[in-house]
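This report is an introduction for a reader new to the structure. Please look at the sequence and the model first.

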Amino acid sequence: MKDDYLWDKSGEPDPEIEQLENLLGGLRSRRTAKDLMPAVEKLSRKGARTFPKWLSVAAAVAFVLLALGVFNVIQRQSVKQFSDSQFVMLNPTSPEPPVEVAAPAGGSGETSQPESEKPLAAAAQNEKRTSLETRRRNIARKREAFLNRQEQTEGLMAKEQLLKALQITSSNLDIVQKQVQGDEKQGPSS
Amino acid sequence: MKEAVMKSLANRAIKLALAAVLFTLASAIVQAQEPARLQLTMLDALEPRADQTLNITMDGKVLQLALRFLSDKKPNEAKIKEAVAGIRGIYVKRFGFGQDNLFTAADVEPIRSQLRSPLWSQLVEVRSKKEGQNIDVFTMIEGGKINGVAIIAMDRRQVTVVNIVGPVDVDKLTELRGNFGIPDFVVNGDKK
């Protein structure tokens, strides 16, 4: 067999292989096959390394669980990002203005106010706080409204699907029922 | 050297086989949790030939969401709610074809083979030569109650497979006919 000659030089010589041998023979390693054996054995040991079966199964199970976990996290994040982005679009308000803190009474006098202006400043501060709270409440309400709308859209789609599915089911069952009833009526006469 | 390569190849083959076994096992576990759930994905081969495809997948969560949008005050919707109560999943695949004979019974064989399991029993078989209509209704009975329904309906231009998972009252489902107000599935302008 020509393959044997290529493999271990036994069998019928292959002229093409011989030609290649003559061409490339000058470049061959001076080391004998015996010298190379330790390296070959090391390689074959590495190639033939086997894992216990339970380890393969455990690794596969771990991989599946990991993939499921990653999928779950990605899905949750995408839903959150979607709802957040919609929320931002619904509320294109400017950032909150910083809340001014009133200077302590009887301080160093750098920002001291006359006594008569103090109640006015406190009132203005209260007003600001109230408006901030109102704005926050409005944002929360809009967010809730958006989530409700989203849920409503999904719910209506689910309802439509359910109705279609039930329509198909009941129409087929109806045909069957009519056919069975028809057969029963025909039965005694035939 | 040759042996080492062979061993390495064999190792890889074993690993691949193990992965396949694991995948099959996972599917089996999923199916064991819901024995009435059929694998309908095998019908997807019909999709390229079909003019119209309808695919409805409603698991428990989606069903519950849909039920929240059905009113108890409207008689029709209340009936639907009653009929669907307890059902854990509804799965429908429907293919409409523009011409006759674009599919054969062999296309639905993967579904029928699942229904040959001892858990399923055939309830009704309707064969109408005139209209070329075949309808088979299968039920899965557990503990004396219907815990799943499968319908295979075929005519010359349409294939429909319905799989309902959970306790089903077939009579109540049949009574729902005409309560929906949704136009029927149309193939080439012909109403079914």
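## The model

This is a predicted model, in which local features need pLDDT of at least 70 and side-chain atom pairs count only at pLDDT 80 or more, while totals for chains, interfaces and linings use all residues. Residues are numbered from 1 along each chain as its sequence is written, and chains are lettered from A and ligands numbered from 1 in the order in which they are written.

## Chain A

Chain A has 5 helices and 0 strands; helices (H or I, at least four residues) and strands (E, at least two) are DSSP runs, numbered from the N terminus. The order from the N terminus is α-α-α-α-α.

Of the 190 residues in chain A, 8% are buried, a term for residues with 20 or more other C-beta atoms within 10 Å of their own, the C-beta atoms being placed from the backbone.

## The interface

Contact (C-beta atoms, placed from the backbone, within 7 Å) links 35 residues of chain A with 40 residues of chain B. On the chain A side, helix H3 (33-47), helix H4 (53-90) and helix H5 (118-189) each give two or more residues. H5(A) gives the most, with 24 residues.

## The nonpolar core

A nonpolar core is a set of buried Ala, Val, Leu, Ile, Met, Phe, Trp, Tyr and Cys residues joined through C-beta atoms within 7 Å. The largest one has 48 residues, and A:Leu162 and B:Leu63 are among those that touch the most other members. H5(A) supplies the largest share of this core, 8 residues.

Apart from neighbours within four places in sequence, A:Leu162 is in contact with B:Met58, B:Leu63, B:Ala66 and B:Ile90.

Definitions and conventions: Contact = placed C-beta atoms within 7 Å. Buried ≥ 20, exposed ≤ 12 C-beta atoms within 10 Å, placed from the backbone.
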